[in-house]
Amino acid sequence: MRTILKKFLLLPMLCIAPLYAQELSSDAKIFLNCLDYHCECLKNFDTNKFVEIRKVADAKNDGDANFVVGVCFFKGHFVDKNYSEALKYFTASSKVKNPMGQFALGLCYSEGRAVGQNDTTAFKLFYEASKSNLPSALNALGNAYLKGLGTRINYIRAFGFFKEAAKYGNTRAKVSLANCYIEGLGVKKDAKEALKLFEEAAAEGSLVAQNNLGSYYENALGGIKDDVLAFKWYLKAAENGYPPSMTAVGIFYLQGIGVSQNPYEGVKWLQKAADENESEAQNNLAYCYMNGVGIEASAQLAVFWYLKSAALGYAIAQNNLAECYFSGNGVDQDFKEAIKWYRKAAWQGLSSAQANLGYCYLSGSGVEKNYDNAILWLKKASAQDNVEAIGNLGRCYLEGYGVDKDIPEAVRMLSLASEKGDTNAMGYLGACYYMGIGVDKDVNKGKQLIKKSAEAGNIDAQKAYRRIQGYN
């Protein structure tokens with residue numbers, strides 16, 4: 001499931017506040033629009049025009065001219081992209097207190113473009129630019145208060161700045177404001193108001209808003225789930241090149257959600273998103289290769305894409321990659337490498353990785369046995385209702401591994417895991433029933449549980465079942 005709170009991007013998108021727009025040169029207005037999602041507004045602008053404006057910028061302390069030239073270097077329009085040159089012109093524009101220059105310079109500090117990344121300096125520049133009601137600066141301040149960038153987190157102030165920027169028509173602020181309504185950040189939750197803002201921003205071309213509308217309907221954030229509408233919005237953003245939406249479209253096609261199931265079409269979209277370094281898509285594409293879904297199976301290519309996704313920090317891919325190393329599937333078996341990736345995913349809070357890491361410490365697989373560490377990770381995973389961790393923790397209480405023996409607790413946890421389908425836990429619970437440990441003795445029930453566990457591949461259960469059947 002994808003969360004609707006997408007990363008708030010401080011992209012160089014500027015909208016003009018009515019109070020300030022009247023004072024701008026026509027060329028500055030063009031380049032403020034240029035810093036929007038697309039650069040269609042530059043169709044009447046050419047290299048000769050750029051040369052003329054650069055001459056003005058180099059000869060005079062003209063804030064607008066310096067800003068325009070800085071944008072060209074920042075974006076690579078009519079000249080090779082050069083952040084150092086952009087910084088120089090933005091600085092010159094900022095020195096004459098040009099709000100656009102102040103904001104653009106703040107952007108450089110925020111992103112660390114040709115200058116040391118410094119959120120405090122960026123915040124100060126955004127604040128100065130906001131005094132002229134520049135919507136992008138207002139939006140940037142909202143983002144700073146939302147995340148604690150250069151200032152303390154303050155959701156109420158964040159909401160206020162987003163609202164002010166949205167009032168002046170800033171599309172990104174509308175998306176951020178909608179997210180505040182969804183999450184209840186600085187304001188009471190209001191899904192209907194969020195929907196209205198998402199729709200406005202989507203109509204204005206915001207791919208993030210279009211994607212979030214897909215998530216809105218997929219996750220029934222307004223109380224009504226509509227997978228068809230969700231797919232429609234995801235597809236709209238995907239066709240316009242938004243990688244997270246490409247991933248969603250791919251998954252919808254794979255699973256037949258809101259559209260007729262088509263694994264081949266699903267893989268096509270996942271490949272597009274994966275090529276854009278979308279980590280979730282890379283992980284899902286790896287799954288398709290591993291299982292031959294919509295594409296010819298290849299464990300080696302699965303590992304290739306798991307590794308790419310894992311390197312980007314995607315916890316699920318890190319756990320999947322670890323399992324490949326652990327089992328030697330698509331790659332040479334390497335327990336140490338498996339442990340490395342299990343740890344990375346476990347520290348991100350992924351319960352399956354925590355359970356796997358706990359098992360490794362419990363069994364001494366790829367790492368020296370350490371019952372204390374095993375208990376630590378199994379408890380973390382169990383707290384998230386991970387069934388395998390609950391079963392293994394029950395085993396620890398049964399055997400006294402890293403904890404004092406606690407038969408009632410062992411039986412409780414083994415029963416819980418067994419009820420949820422953990423066949424390993426069934427074997428140990430079966431032994432309890434067979435021998436009357438912590439429960440009333442029930443040989444037949446014990447045999448049934450041990451047999452089921454053995455048939456699922458549990459080695460200890462297989463040995464126990466052979467013994468009770470009288471085999472060697």
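Ala383 is exposed, with a relative accessible area of 66%, where exposed denotes over 50% relative accessible area, buried under 20% and partly exposed the range in between (1.4 Å probe, protein chains only). Ala383 is found in the loop between α21 and α22, helices being DSSP runs of H or I with at least four residues and strands runs of E with at least two, numbered from the N terminus. Between the C-alpha atoms of Ala383 and Ser351, which are 32 residues apart in sequence, the distance is 8.6 Å. The model is predicted, so that local features need pLDDT of at least 70 and side-chain atom pairs count only at pLDDT 80 or more, whereas totals for chains, interfaces and linings use all residues. Residues are numbered from 1 along each chain as its sequence is written, and side-chain values use heavy atoms, with hydrogens and water left out.

Helix α21 (residues 371–382) has 12 residues and reaches 16 Å from its first C-alpha to its last, close to the 16 Å expected at 1.5 Å a residue; the expected span is 1.5 Å times one less than the number of residues. The buried residues of α21 are Ala374, Ile375, Trp377, Leu378, Ala381 and Ser382, and they pack against α19 (335–347), α20, α22 and α23 (407–419), contact being defined as heavy atoms within 4.5 Å.

Helix α8 (residues 135–147) has 13 residues, which should span 18 Å at 1.5 Å a residue, and the 18 Å between its end C-alpha atoms agrees with this. Because 12 of the 13 residues of α8 are buried, this helix is largely enclosed by the rest of the structure. The buried residues of α8, among them Leu138, Leu141, Tyr145 and Leu146, pack against α6 (99–111), α7 (119–130), α9 (155–167) and α10. Gly148, which follows α8, has a positive phi near 75°.

Lys174 lies in helix α10 (residues 171–183) and is buried, with a relative accessible area of 8%. The side chain of Lys174 makes a polar contact with the side chain of Glu204 at 2.5 Å; a polar contact is a pair of N or O atoms within 3.5 Å, for which, within protein, one atom must be able to donate a hydrogen and the other to accept it, residues adjacent in sequence counting only if both atoms are side-chain atoms. When neighbours within four places in sequence are left aside, Lys174 is in contact with Ala166, Gly169, Leu197, Glu200, Ala201 and Glu204. Another lysine, Lys451, lies in helix α25 (residues 443–455) and counts as partly exposed at 36% relative accessibility.

The largest nonpolar core has 138 residues, and those with the most contacts inside it are Phe90, Phe198, Val249 and Tyr306; such a core is a set of buried Ala, Val, Leu, Ile, Met, Phe, Trp, Tyr and Cys residues joined through side-chain atoms within 4.5 Å. Helix α4 (residues 63–75) gives the most to this core, with eight residues. Apart from its neighbours within four places in sequence, Val249 is in contact with Phe231, Tyr234, Leu235, Ala238 and Trp269. A second, separate core of five residues includes Ile450, Ala454, Ala464 and Ile468.

Ala220, in the loop between α12 (207–218) and α13 (227–239), has a positive phi of about 55° although it is not a glycine, and is partly exposed, with a relative accessible area of 27%. Asn277, in the loop between α15 (263–275) and α16 (279–291), has a positive phi near 65° and counts as exposed at 51% relative accessibility.
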